[in-house]
Amino acid sequence: MLQVTDIWKSYEGKPLLCGVSFSVDPGETVCLLGASGSGKSTILRIIAGLEMPEAGRVLWRGEDLSSVPVYQRQFGLMFQDYALFPHRSVAENVAFGLRMQRLAQSEIDTRVREALELVNLDAFGQRRVTDLSGGEQQRVALARALAPRPRLLMLDEPLGALDRTLREQLLDELRQILRRTQVPAIYVTHDQEEAFAISDRLLLLHEGDVVQAGIPAEVYERPVSAWAAQFLGLGNLLEGRIVSTNPITEVETALGPFQPLCSHPNRPDGHRPGEEVTLLLRPSGALAANDPQAAVNRIEGEVADVVFRGDGFRVDLKVLKGQELRFYLGQAPSVGQPLSLVLPRESVLCLGKE
Amino acid sequence: MRLARGLRAWSVERQALLLWAAPLFFLLIFFFWPLGAIFRVGLVEGASQLGLEQVARVWRPFAFTLYQAFLSTLLTLLVGLPAAYLFARYEFPGKRVLRVLTSIPFILPTVVVAASFNALLGPRGLLNVGLMELLGLGEPPIRLLNSLGAILLAHVFYNTTIVIRMVGGAWSGLDPRLVQAAQVLGASRWRAFREVTLPLLLPSILASALLVFLFDFTSFGVVLLLGGPRYATLEVEIYIQALHMLNLPMAGLLSLVQLLCTLVLTVVYSRASGGIVVPVAPRGEAANTRRPTGRVERLITWILVLGLLLLLVSPLAALALRSVTRLDAARGERGEVQYGLTTQYYQELFINRRQSLFYVPPIEAARNSLVYAGVTLAISLSLGFLAAYALLRPARINRWLDPLFMLPLGTSAVTLGLGFILVFNRPPLDVRSFPLLIPIAHSLVALPFVVRSLQPALGSIPNQLRQAAAVLGASPLRVWREIDLPIIARAALGSAIFAFTISLGEFGATTFLARPEYPTLPVAIFRFLSQPGALNYGQALAMATILMLVTSAGILLIERLELPGGSL
């Protein structure tokens with residue numbers, strides 16, 4: 001439905017978006033995930049028509065939108081701090097977009113009531129928006145964006161201003177509402193947990209471009225680069241060099257030899273010997289090394305910290321060169337004790353340098 | 001327990017009352033007594049001989065005052081609102097300089113403004129003399145002086161800054177995403193402006209319009225000097241009746257009308273400005289401004305910037321330039337007209353050519369002004385400090401006394417001058433012999449500003465700071481010196497400069513109070529300006545230039561101090 005092709009945009013002379021392309025399909029929630037300042041919000045503003053790209057096009061069902069002004073695009077945008085109209089009541093805020101469509105008053109009333117019911121604010125219509133709590137304001141903003149039945153809903157860090165418990169609760173509600181209304185949506189966030197929870201498809205934004213796209217599980221399984229793995233908080237990173245690829249890939253690191261999983265999504269031909277790579281050591285799956293002979297995928301260190309996590313323990317292991325690696329273990333070692341762990345091959349992933 | 005609490009409350013009230021004593025006494029003697037006299041004279045003597053002729057004599061200036069104030073306000077909004085938008089939303093080269101320039105007219109003495117427009121557009125002004133020379137004309141082609149146009153122009157010059165400050169401030173604080181949200185929801189640019197921007201700005205637009213109207217309504221010097229005798233407002237009519245016709249009852253009646261009007265306006269203004277709440281953009285002002293893009297936007301920006309520069313700078317530049325330009329026959333020579341730069345007008349300021357007892361050389365007027373300004377500073381700052389400290393006490397009487405102290409703000413200077421004449425006419429407080437009355441009148445004008453600037457600064461010091469200093473070992477005196485003083489120093493300096501410049505430029509009350517042999521600088525400028533002869537004209541402009549430079553320097557200093565609450 002929506003197609004964004006090769007968008008370029010700079011901010012204060014520095015390139016911000018460098019040829020971003022992606023598309024949104026009917027009923028799909030696409031999540032733009034990136035660090036702050038990565039241009040996520042700017043993409044939304046360009047799609048909404050609030051800003052013009054320096055190059056590239058925004059297409060809706062094949063139609064170029066560059067000559068369509070903001071107010072005729074029929075998209076919904078939920079602003080980061082909601083941008084509720086302070087001089088209007090809750091109901092008047094929600095009715096705004098409907099009034100712009102010149103609907104009959106009775107129709108407006110019905111739709112406002114429906115929208116407020118959808119976000120569980122039935123009784124709030126006559127309140128002043130300035131009297132609402134953060135979570136209530138967020139719901140009003142959502143109702144206001146949904147009421148005109150937009151062709152596309154864009155949400156700019158919709159939960160960014162809320163505290164953690166409220167965020168989790170609203171995230172669930174938001175997912176249900178998006179599923180129920182079947183409105184195609186673009187969700188912008190810098191929080192990978194939020195992104196994994198809400199998106200049908202996830203776009204990872206880095207240095208002005210989409211570096212990885214896929215369903216959340218796929219992205220989790222196969223991060224495209226060391227940066228992606230680190231940004232997504234997938235685990236420990238370890239520098240190394242490939243020593244052989246046949247019959248099995250082996251990487252030499254400062255902690256010893258590793259035999260990682262190596263199918264690279266962008267490089268079906270695999271790696272070459274001598275290539276510098278980064279290993280991702282996943283925190284879960286590590287086992288105590290009972291077999292003193294096992295030399296591969298073996299990590300030795302000293303326990304630096306142990307934290308109880310309910311389903312197990314988070315163990316920080318001090319290895320060579322003062323580096324600390326983090327693992328989740330079923331049993332608690334004591335602090336200061338030496339510890340040897342072995343990682344199964346599925347828990348070690350070989351990531352190429354960009 | 002209850003007794004103890006009651007005692008404590010009583011002691012708070014008593015402390016506040018003690019602090020209030022001197023300022024209150026001052027206000028009673030020098031503000032309410034003269035005002036009461038105006039009421040008495042106006043109601044008893046003025047109204048008793050009220051006939052059809054008198055009613056007409058009040059009605060005509062009253063109607064004209066309303067008319068010109070309304071027109072002036074409308075024009076000021078017309079210029080000020082686009083300028084406010086420009087400052088609130090756009091970045092352009094020279095923005096800082098332009099912002100400072102717009103704040104200069106506000107405090108400029110009326111005689112300086114009048115002299116400036118005279119030097120630019122008057123019959124002997126730069127434009128007319130230049131055009132006459134260029135086109136070989138026998139008389140000045142531009143006859144703006146002594147017309148309604150001149151009054152309106154000067155009022156726009158004066159008050160545009162109020163609109164820029166108040167509306168521009170609200171506008172730059174307005175979250176631009178509100179308008180964007182409206183647009184995304186289907187509102188066109190114009191619709192979004194009408195539905196979102198305008199309703200949110202309306203309170204500040206109304207408040208600024210009321211304030212501009214109030215200032216235009218009570219404007220005196222500009223109307224007297226630029227409008228000429230045909231355009232008498234209430235203020236000018238009071239002046240004419242009191243000082244030229246010596247008809248004090250009539251003047252009292254006019255003052256009464258004036259007082260009631262300004263009182264109503266002041267009350268309405270404080271009501272209107274009290275409710276201003278603008279949603280402030282979370283990302284700060286800088287994120288809301290941008291450079292103009294596109295040809296149309298850039299063109300409009302430049303037209304606005306150049307228009308503002310022309311309006312604000314050209315009269316002042318003309319004044320300074322004309323004061324060093326010789327355009328007439330030099331003294332003692334006939335026929336031959338000489339052109340060129342000269343410092344003659346400035347040199348003349350120091351010479352008493354006429355050897356007349358009543359002629360006062362300008363340099364003495366300048367000295368008088370400086371002395372009066374110094375006394376004004378001392379009076380208004382010491383009383384202002386007392387009042388500001390009193391206002392910080394949680395006493396109940398503050399609720400009554402606070403608005404009382406703001407009253408002089410809405411009272412016209414001419415009314416004040418008339419009140420002084422009515423009351424202080426026998427020793428020891430005699431206008432003719434007691435020289436302190438002029439700085440006292442000036443202090444009344446300056447006091448509300450001083451209190452309003454000191455009070456928030458004093459209130460901004462959290463008691464915890466003082467307590468922290470005390471815990472760290474500072475004695476009470478040391479605490480005041482180390483904590484209070486450095487924090488309020490800037491505010492105190494700002495109000496001192498303000499009181500000083502107000503006194504230097506005050507014209508309305510001074511015309512009533514200054515004795516012929518002790519004129520102030522503005523009074524001297526007024527005298528020289530209304531006398532014939534190139535030398536008198538040049539000297540008037542030279543004095544006005546000096547006054548302009550001194551007061552502008554004062555404003556620039558205040559701007560540099562960046563006081564909380566702004567300079568308005």
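Predicted model: local features only at pLDDT ≥ 70, side-chain atom pairs only at ≥ 80, totals over all residues.
Figure 1. Helix α5(A) covers residues 164-181. At 1.5 Å a residue, its 18 residues should span 26 Å, and the end C-alpha atoms are 26 Å apart, which agrees. Four residues of α5(A) are buried: Leu170(A), Leu174(A), Ile177(A) and Leu178(A). Seen down the helix axis, the buried residues of α5(A) fall within an arc of 95°, so they line one face. An α-helix has 3.6 residues a turn, so residues three or four places apart point the same way. The face turned away from the buried side of α5(A) carries exposed residues: Thr165(A), Asp172(A), Gln176(A), Arg179(A) and Arg180(A). Just after α5(A) comes Gln182(A), with a positive phi of about 55°.

**Figure 2. The cover over the buried residues of α5(A).** Both helices and strands of chain A take part. The helices include α3 (105-118), α4 (134-146) and α6 (192-198). The strands include β3 (29-34) and β8 (185-189). Strand β3(A) is shown next.

**Figure 3. Strand β3(A), mostly covered.** In β3(A), 6 of its 6 residues are buried. Thr29(A), Cys31(A) and Leu33(A) point one way from the strand. Val30(A), Leu32(A) and Gly34(A) point the other way. In a regular strand the side chains alternate between the two faces of the sheet. Strand β3(A) pairs with β8(A) in the parallel sense, over 5 bridges. Here Val30(A) has Ile186(A) of β8(A) as its bridge partner. Strand β3(A) also pairs with β9(A), residues 201-206, in the parallel sense and over 5 bridges. Leu32(A) stands opposite Leu203(A) in β9(A).

**Figure 4. An open sheet of 4 strands in chain A.** The strand order is β2-β1-β4-β5, and the pairing is antiparallel. Strands β2(A), residues 14-24, and β5(A), residues 63-64, stand at the edges. Each has a single partner strand, so one side of each is left without a neighbour in the sheet. Strand β1(A), residues 2-11, pairs with β2(A) over 8 bridges. Ser10(A) stands opposite Pro15(A) in β2(A). Helix α1(A), residues 40-48, packs on this sheet.

**Figure 5. Two hairpins that share strand β12(A).** Strand β11(A), residues 236-244, runs antiparallel to β12(A), residues 250-253. The two are joined by 4 bridges. Arg241(A) has Glu252(A) of β12(A) as its bridge partner. In this hairpin, 5 residues lie between β11(A) and β12(A). Strand β12(A) also pairs with β13(A), residues 256-258, in the antiparallel sense over 3 bridges. Thr253(A) has Gly256(A) of β13(A) as its bridge partner. In this hairpin, 2 residues lie between β12(A) and β13(A).

**Figure 6. Chain A as a whole.** Chain A has 8 helices and 20 strands. Along its principal axes, its C-alpha trace spans about 80 × 45 × 35 Å. Of the 354 residues in chain A, 38% are buried. Among its contacts between residues at least 6 apart in sequence, 65% join residues at least 24 apart.

**Figure 7. Where chain B touches chain A.** Here 17 residues of chain B are in contact with 18 residues of chain A. On the chain B side, α7(B), residues 176-184, and α8(B), residues 189-217, each supply at least two residues. Helix α7(B) gives the largest share of that side, with 7 residues.

**Figure 8. Two helices of chain B packed at about 75°.** Helix α4(B), residues 110-121, packs against α12(B), residues 295-322, with the axes 7 Å apart. At that angle, α4(B) is roughly perpendicular to α12(B). From α4(B), the contact uses Ala115(B), Ser116(B), Phe117(B), Ala119(B) and Leu120(B). From α12(B), the contact uses Ser314(B), Pro315(B), Leu316(B), Ala318(B), Leu319(B) and Arg322(B).

**Figure 9. Tyr239(B) in helix α10(B).** Helix α10(B) runs over residues 234-244. Tyr239(B) has 23 C-beta neighbours inside 10 Å, so it counts as buried. Leaving aside neighbours within four places in sequence, Tyr239(B) is in contact with Leu224(B), Val414(B) and Thr511(B). Tyr239(B) and Thr411(B) are 172 residues apart in sequence. In space, their C-alpha atoms are 15 Å apart.

Notes. Residues numbered from 1 in each chain as written. Chains lettered and ligands numbered in written order. Pairing = 2+ DSSP bridges. Contact = placed C-beta atoms within 7 Å. Axes fitted to C-alpha atoms, helices over the stretch in contact; angles between N-to-C directions. Expected span 1.5 Å × (residues − 1). Buried ≥ 20, exposed ≤ 12 C-beta atoms within 10 Å, placed from the backbone. Arc of directions from axis to C-beta. Parallel < 35°, antiparallel > 145°, perpendicular 65-115°, else oblique.
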